[in-house]
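Look at the two chains together before turning to either one. Then follow the paragraphs below from contacts to cores to helix packing.

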Amino acid sequence: MEQIEKTDVIVTEGVTKVYTTDGIPVYALNGIDLTIESGEFTALVGPSGSGKTTLLNIISGLDSPTEGKVWLAGKLLSEMSGNELSDFRRDNIGFVFQAYNLIPVLTVEENVEYIMLLAGILKTERHKRVIAMLEAVGLDGMADRQPTQLSGGQQQRVAIARAMVSEPAIILADEPTANVDSKTGADLLEMMHRLNTETGMTFIFSTHDPMVMESARRLITLRDGQIDSDETKQ
Amino acid sequence: MILKIAIRNTFRQKRRTILTALAMVVGFTLLSVTIGLSDGAYGNIISMFTRNRIGHIQVHREGYLDKPSLYETIDGYTAVGKAIQDVAGVEAWTPRIYAAGLGSVGEKSTAVQIIGVDVARETRATRFDQKIVEGNVLPEAASHEAVIGKNLAKILSAKIGNEIVIFSQGADGSLANDVYKIVGIAESGDDVTDRTACYLHIEDAQELFVLDGRAHEIVVIVSNINHVDKITSAIKAGLNDSTLDVSPWQVVAKSFYRAMKADQQGDAISRWVIMLIVAIGVLNTVLMSVLERTREYGVLKAVGTTPMQIFWLVICEVVIITLGSICVGALLGGLANYLLSIYGITYPEEITFGGMKLKTLYAEVNVRCLIVPAITVMLSATVVGLFPAIKAARIIPARAMRTH
């Protein structure tokens, strides 16, 4: 699968997601039209239930919209098969989840290495990148540890390393600082900011964290599944 | 990496892995013992039936088996026997004469089947001497003596030392009658035979029925019963006589063979029942495992693992547990069959199958006892693993990661 060029964008058109609870439709997203250019450092904000995580899931192909279309690098996600979507995510999108979601049976090194292995990158290259990435996130010397032997902040660093090691064009981070203390949160944010500046990766966060909002160059506020405001800082 | 994750997942939930493996091990062992005992029983019955009675292969005049007749004889049977003995794999051969007649002891009479045997050959081939339960075996030279079946002795109230008068018809149409001294009582293990059999030395029988140098049947014993078909073909080729029928025991005792096959099919049903129970157990635990790890599969998929890789991950876990279970099951099943092949299971009462009496059931240790359960357990575990594997592969990541 071809990687997204740095100039490509994420485009959503009329994205709607409806969940039905006891026969009553609930609109998690309602007609979202959005364009994100590569290299952006964007935060999706809004109260709980406003649709931030749902939007992240839909633009990454982890979930499908009830209505509307999503293009990633000019490719319409709804036209991709399950395997194509998996390959596309593997090659172009890195995920950082609120709950870290590391693979518990793999060591730190193996967790970070996993995506590169799926992508067929050679062992020597994988090892080199893992070591460099663990150093970048401040986890050098912890490669052989199991996720359960790490603190929450360290696990989130591993998750960030995993998301970025294959140098994807887009990093989607769902509340990345929610489960870590403010000092760790600040460190992680600084690290992501630096990577964005240095590599030009596109970062999209969903967050409640004022620190993340302050750091973001673009703030998209969601309310009741719709875009309430969209501000770009100068 | 998928294999590595599968191996580690297998040891992650030890209790569940042990439970799954236990279902497979128990199923394997039960199946192995069932096959061992079944093969042992059938092997024992076939061995008794062939080795002690009908032999492994029989040679007759063409059409004799379908329509036995006093006149359908093998002429010059000694030469035929020698040709048979030259075939590789033949252990022994023995000629027989069969004729129906009336037997009388004192004032009691009944229908008898006169069986003329070459005592020395019959002893080597079908252990004739071991059938004598009272008195002595016939002497190796003709001596106008008879051995009668145990039940025939009861019917005729005959005792050792009594004389039995045989009335019949000779091959030349003459009246065949003579008196023989009863020297032994035999038990063949077949009620019908024991009710009618009157064994004479073959030369006495030839004299009585005017069948000099002729026999109705040549019984052949082979060193390995599994090579019967091959040896039958070799004997046919060696004799090269279209007037002779060479038949393996399965043809000679068609109804017995069919009954055995039908009984074995009944065993196959019980095997399927065992495997169904195992499959349900495996399905339950594997499905539970997949449901518990829904979130994990969601994450794997989110980071780029394809549905096919998730599918193989689940199948790999099932196969790893199955391979381990097969190893343990093979050890247990093999050991159980080995012990049962030595000590056996003694029935509270004798059972009869196809006229053969069995007191103890012995298992047979053979490759089938391991191969059939291994294939069955592997197939059933993999087949029942398909459903959870497909379920895991079709997980929607966003939904899966919302589960706890």
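Two residues are in contact here if their C-beta atoms, placed from the backbone, lie within 7 Å. The model is a predicted one.

After H3(A) comes Gly120(A), with a positive phi near 80°.

Now step back to the whole of chain A. Chain A has seven helices and 10 strands. Its radius of gyration is 17 Å, close to the 17 Å that the globule rule gives for 234 residues, so chain A is as compact as a globular protein of that length. Along the principal axes, the C-alpha atoms of chain A fill a box of roughly 50 × 40 × 40 Å. Of its 234 residues, 45% count as buried. Take the contacts in chain A between residues at least 6 apart in sequence: 70% of them join residues at least 24 apart.

Chain B comes next. Chain B holds 14 helices and 14 strands. Its radius of gyration is 31 Å, well over the 22 Å that the globule rule gives for 404 residues, so chain B is more spread out than a compact globule. The box filled by its C-alpha atoms, taken along the principal axes, is roughly 100 × 45 × 30 Å. Buried residues make up 45% of the 404 in chain B. Among contacts in chain B between residues at least 6 apart in sequence, 80% join residues at least 24 apart.

Where do the chains meet? The contact takes 18 residues from chain A and 20 residues from chain B. On the chain B side, four helices each supply at least two residues: H1 (2-12), H11 (294-302), H12 (307-343) and H14 (397-400). H11(B) gives the largest share of that side, five residues. By class, the chain B side divides into 12 nonpolar, four polar and four charged residues.

Turn to the interior. In soluble globular proteins, nonpolar side chains tend to be buried together. The largest nonpolar core in this model has 169 residues. Those with the most contacts inside the core are Ala161(A), Ile148(B), Cys198(B), Tyr199(B), Ile218(B) and Val220(B). Helix H2 of chain B, residues 14-54, contributes the largest share of this core, 14 residues. Look at Tyr199(B). Leaving aside its neighbours within four places in sequence, Tyr199(B) is in contact with Ile115(B), Val117(B), Leu138(B), Ala146(B), Val147(B) and Ala186(B).

Leu152(B) sits in helix H5 of chain B, residues 150-155. Is Leu152(B) buried or exposed? Leu152(B) counts as buried, because it has 25 C-beta neighbours inside 10 Å. Setting aside neighbours within four places in sequence, Leu152(B) is in contact with Val112(B), Asp194(B), Arg195(B), Thr196(B), Ala197(B) and Cys198(B). Asn224(B) is 72 residues from Leu152(B) in sequence and 34 Å away in space, C-alpha to C-alpha.

Finish with the helix pairs of chain B. Two packed helices are described by the angle between their axes and the distance between the axes. H2(B) packs on H12(B) at an angle of about 35°, with the axes 8 Å apart. Their crossing is right-handed. The residues of this contact divide into 12 nonpolar, 13 polar and no charged.

H2(B) also packs with helix H13 of chain B, residues 368-393. Here the angle is about 145° and the axes are 9 Å apart. H2(B) passes H13(B) in a right-handed crossing. From H2(B), the residues in the contact include Met24(B), Phe28(B), Leu31(B) and Ile35(B). From H13(B), they include Leu370(B), Val372(B), Pro373(B) and Val377(B). By class, this contact has 10 nonpolar, four polar and two charged residues.

Methods: Residues numbered from 1 in each chain as written. Chains lettered and ligands numbered in written order. Nonpolar A, V, L, I, M, F, W, Y, C, P; charged D, E, K, R; others polar. Rg over C-alpha atoms; globule rule 2.2 N^0.38 Å. Buried ≥ 20, exposed ≤ 12 C-beta atoms within 10 Å, placed from the backbone. Core = buried A, V, L, I, M, F, W, Y, C linked by C-beta atoms within 7 Å. Axes fitted to C-alpha atoms, helices over the stretch in contact; angles between N-to-C directions. Left-handed = near helix turned anticlockwise from the far one by under 90°.
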